[in-house]
Amino acid sequence: MLIRKKNTQTQTKLNFEQRLENVKDAFVLNEKYKDFVVGKRFAIVDDVITTGSTLNECAKELIRSGASQVLALSVAVAS
């Protein structure tokens with residue numbers, strides 16, 4: 001449903017601030033889902049949450065597109 005609209009470098013070697021900037025505004029909703037998203041609740045699943053910057057950017061785009069709620073799920077959190 002979300003399309004990466006800008007190429008980003010891998011997050012693995014970036015610090016917290018760099019990760020935030022790296023994925024800022026990197027995702028856009030695929031136009032064919034614009035009516036589907038409105039008023040719906042979504043769960044975004046990621047294997048590991050490090051800074052949460054990618055999840056946050058995805059959630060922001062879903063909310064901006066009309067989603068009523070976005071949850072983040074993960075199997076691990078980096079310490």
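How many salt bridges does a search of the whole structure find? The search finds two. A salt bridge here is a side-chain nitrogen of Lys or Arg within 4 Å of a carboxyl oxygen of Asp or Glu. This is a predicted model, in which local features need pLDDT of at least 70, side-chain atom pairs count only at pLDDT 80 or more, and totals for chains, interfaces and linings use all residues. Residues are numbered from 1 along each chain as its sequence is written, and side-chain values use heavy atoms, with hydrogens and water left out.

**Helix H3**

- Helix H3 spans residues 53–64. Helices (H or I, at least four residues) and strands (E, at least two) are DSSP runs, numbered from the N terminus.
- H3 has twelve residues. From its first C-alpha to its last it reaches 16 Å, close to the 16 Å expected at 1.5 Å a residue. The expected span is 1.5 Å times one less than the number of residues.
- The buried residues of H3 are Ser53, Leu55, Glu57, Cys58, Ala59, Glu61 and Leu62. Buried means under 20% relative accessible area, exposed over 50%, and partly exposed in between (1.4 Å probe, protein chains only).
- Their cover includes strand S1 (2–4), H1, S2, helix H2 (34–37), S3 and strand S4 (69–77).
- Just after H3 comes Gly66, with a positive phi of about 115°.

**The two salt bridges**

- Lys60 is partly exposed at 35% relative accessible area. Glu57 counts as buried, at 6%.
- Arg64 and Glu61 form a salt bridge too, also with 2.9 Å from N to O. This pair lies in H3 as well, three residues apart, about one turn of the helix.
- Arg64 counts as exposed, with 51% relative accessibility. Glu61 is buried, with 8%.
- An α-helix has 3.6 residues a turn, so residues three or four places apart point the same way. Side chains of opposite charge can pair when their charged atoms come close.

**The largest nonpolar core**

- This core has 13 residues. Val37, Phe42, Ile44, Leu62 and Ala67 touch the most other members. A nonpolar core is a set of buried Ala, Val, Leu, Ile, Met, Phe, Trp, Tyr and Cys residues joined through side-chain atoms within 4.5 Å.
- Strand S2 (27–29), strand S3 (41–49) and H3 each give two or more residues to this core. H3 gives the most, with four residues.
- Ala67 is in contact with Val37, Gly39, Lys40, Phe42 and Leu62, leaving aside neighbours within four places in sequence. Contact means heavy atoms within 4.5 Å.
- In soluble globular proteins, nonpolar side chains tend to be buried together.

**Arg19 in helix H1**

- Arg19 is found in helix H1 (residues 16–23).
- Arg19 is buried yet has no salt bridge. The nearest side chain of opposite charge is Asp46, 8.7 Å away. For charge, Lys and Arg count as positive and Asp and Glu as negative, while His and the chain ends are not counted.
- A polar atom of the Arg19 side chain lies 2.8 Å from the backbone oxygen of Gln11.
- Beyond neighbours within four places in sequence, Arg19 is in contact with Gln11, Thr12, Leu14, Thr50, Thr51 and Ser53.

- Asn22 lies in H1. Asn22 is buried, at 11% relative accessible area.
- A polar contact of 2.6 Å joins the side chains of Asn22 and Gln11. A polar contact is a pair of N or O atoms within 3.5 Å; within protein, one must be able to donate a hydrogen and the other to accept it, and residues adjacent in sequence count only if both atoms are side-chain atoms.
- Not counting residues up to four places away in sequence, Asn22 touches Lys6, Thr8, Gln9, Gln11 and Leu14.
- Val23 lies in H1 and counts as buried at 1% relative accessibility.
- Leaving aside neighbours within four places in sequence, Val23 is in contact with Thr8, Gln11, Ser53, Thr54 and Glu57.
- Asp25 lies in the loop between H1 and S2. Asp25 has a positive phi of about 55° although it is not a glycine. Asp25 counts as partly exposed, at 36% relative accessibility.
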